[in-house]
Amino acid sequence: MVNQLTAPFYNQLIAEFENAPKGENTNGDLSKSREDAFELFKAKGFPTSKDEDWKFTNLTPFLTDTFSLTIGETDQQEVKQAITSATIPGLDAWLLVLLNGKIQFDLSVLPEVDQLIVLPLESVINTESYKNYITCKEAEGNRMYALNTAFFTDGYFLEVPKNVVLDKPVQIIHLYTATENMLFQPRHLIVVNENAKAELIDSAVSLGNAQRVLMNSVTQVTVKENANLIQYVIQDNAAADRLINYNHITQERNSRYDNFMFNLPGAELIRNNLEIVLNGTATETHLLGLYLVAGHQLTDNHTAIHHRFPHCDSNEIYKGVLLDKGKAVFNGKVFVERPAQKTNAFQQNSNLLLSDKAQVFAKPQLEIFADDVKCSHGCTVGQFDPESLFYLRSRGISEESSRKLLVEAFMFDVTQKIENEAIKDFVQSLIYKKMENSLATII
């Protein structure tokens, strides 16, 4: 739907697509998919709070600015400094750097191609195998996904060959430069082949003088038979950033996928869609999320797990800590279809409100069409337990330290699941640093 406030940006995008040379928006056999996606977006416009999936997230205030689609000059020294700052201390890892969606091989440190294949997405976009990834049934009707499909040109293709177990994680750093308000729409494809194993860490950094950056990204992942993928997403962004991410994961039989999502105070808008399709028997899925929301920040996490085959396990724990006038949305869906007998699915969302002006909207959903399953879900919203706070204070611990200890205990279920100690230490240090600034205002 197009309203008066978003009409200028909407009209800009329509004109950009329709006036672009045919080669810019069409890539061989993808042309029809791009055209279909564009027509969907053109007909329906941006999501609004009238759409069920966007009921508590009003995009309009974030779409009233003018955004450029043309990338300007880049300060290479600033880029190198940003890489140094974003690199996780003490982590022995391979490094993949992207600048405005394009791979920077000269700034990356990658293993040999027999261990990991990394290519610009544009180099595989016309291949026969890529056709299987351009459309997602679960994303039908998703307008921001359609907008990305119509416009994307940049991104990476990452493939772990069959039987390869990467000897160390891959840290992926996305850098974005902005001398004016910018819109970026990258698309990424990850394939972990049979019996392979990989660990990926994602983070994004915007470079610029407080220019507004709107990132509308799509990542598609396939975890094949007996494969294992651990994915960390660390969203510690500047206040002028607006993040809209759609992540689609397909798991084949006997595979395991772990996703750790960390949303930290900073970006004024974070909207994550995480869609998991269990496309085989005996799969294992773990989704663990932690969102710290402060200031006037809006953080929205939508997850969906589709159980379609028997003997699959899924475990989901999302926890939120809200401060100031922060607003959080959690919508977690678990679908258990009729063939998915012997499914074991657990979902829990817990929220801790540290301000009477903070808001949280939680909606756990469980739809079961099979009869031989073990499924449960739950949601809690509360404040500090005064008895626990009093107990710590009575032991000589200051109020500030007591509150920090209680928050750390609340988050423990998520952070203690991180097996890589360097990543765990880094995430915890980010959390503590953000908490020091925010908790001090409520004590």
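S129 counts as partly exposed because its relative accessibility is 47% (buried means under 20% relative accessible area, exposed over 50%, partly exposed in between, with a 1.4 Å probe and protein chains only). This is a predicted model, in which local features need pLDDT of at least 70 and side-chain atom pairs count only at pLDDT 80 or more, while totals for chains, interfaces and linings use all residues. Residues are numbered from 1 along each chain as its sequence is written, and side-chain values use heavy atoms, with hydrogens and water left out.

S129 sits in the loop that links β3 (117–120) to α5 (helices, H or I with at least four residues, and strands, E with at least two, are DSSP runs numbered from the N terminus). Go 47 residues along the chain from S129 and you get to A82; the two C-alpha atoms are 35 Å apart.

A139 belongs to the loop between β3 and α5 too, but with a relative accessibility of 4% it counts as buried. Leaving out residues up to four places away in sequence, A139 touches Y145 and Y246 (contact means heavy atoms within 4.5 Å). From A139 to L243 it's 104 residues in sequence and 18 Å in space, C-alpha to C-alpha.

## Helix α3 and its two partners

Take α3 (residues 31–44) with α5 (residues 143–151): their axes come within 8 Å and cross at roughly 135 degrees (axes are lines fitted to C-alpha atoms, for helices over the stretch in contact, with angles from 0 to 180 degrees between N-to-C directions). So α3 and α5 are oblique to each other (under 35 degrees is roughly parallel, over 145 roughly antiparallel, 65 to 115 roughly perpendicular, the rest oblique). The crossing of α3 and α5 is left-handed (the near helix is turned anticlockwise from the far one by less than a right angle; clockwise would be right-handed). On the α3 side, the contact uses S33, R34, A37, F38, L40, F41 and K44, which meet R143, A146, L147, T149, A150 and F151 of α5. Sorted by class, the residues of this α3 and α5 contact are eight nonpolar, two polar and three charged (Ala, Val, Leu, Ile, Met, Phe, Trp, Tyr, Cys and Pro are nonpolar, Asp, Glu, Lys and Arg charged, the others, Gly among them, polar).

The other partner is α1 (residues 7–19), which packs on α3 at about 155 degrees with the axes 11 Å apart. That makes α1 and α3 roughly antiparallel to each other, and their crossing is left-handed. Here Y10, L13, I14, F17 and E18 come from α1, while R34, E35, F38, F41 and K42 come from α3. The class tally for α1 with α3 is six nonpolar, no polar and four charged residues.

## The ten-stranded sheet

An open sheet with mixed pairing is built from 10 strands, ordered β2-β1-β5-β8-β10-β12-β14-β16-β18-β20 (two strands pair if DSSP finds at least two bridges between them). Its edges are β2 (102–103) and β20 (374–382), each of which pairs on one side only.

Inside the sheet, β12 (residues 256–263) and β14 (residues 284–293) run parallel and share eight bridges. F260 has L288 of β14 as its bridge partner. Helix α7 (residues 399–415) lies across β12, β14, β16 (313–322) and β18 (344–353), and runs at about 155 degrees to β16.

## Strand β17 and its neighbours

How many residues of β17 (residues 327–336) are buried? Nine of its 10 residues are, so call this strand mostly covered. β17 runs parallel to β15 (residues 298–307), with 10 bridges joining the two; T299 stands opposite A328 of β17.

β17 also runs parallel to β19 (residues 359–368), again through 10 bridges. There, V334 has L366 in β19 as its bridge partner.

## Two asparagines with positive phi

N163 isn't a glycine, yet its phi is positive, at about 70 degrees. Look for N163 in the loop between β4 (156–160) and β5 (170–178).

N254 isn't a glycine either, and it has a positive phi of about 60 degrees. N254 lies in the loop connecting β11 (241–251) and β12. Because its relative accessibility is 33%, N254 counts as partly exposed.
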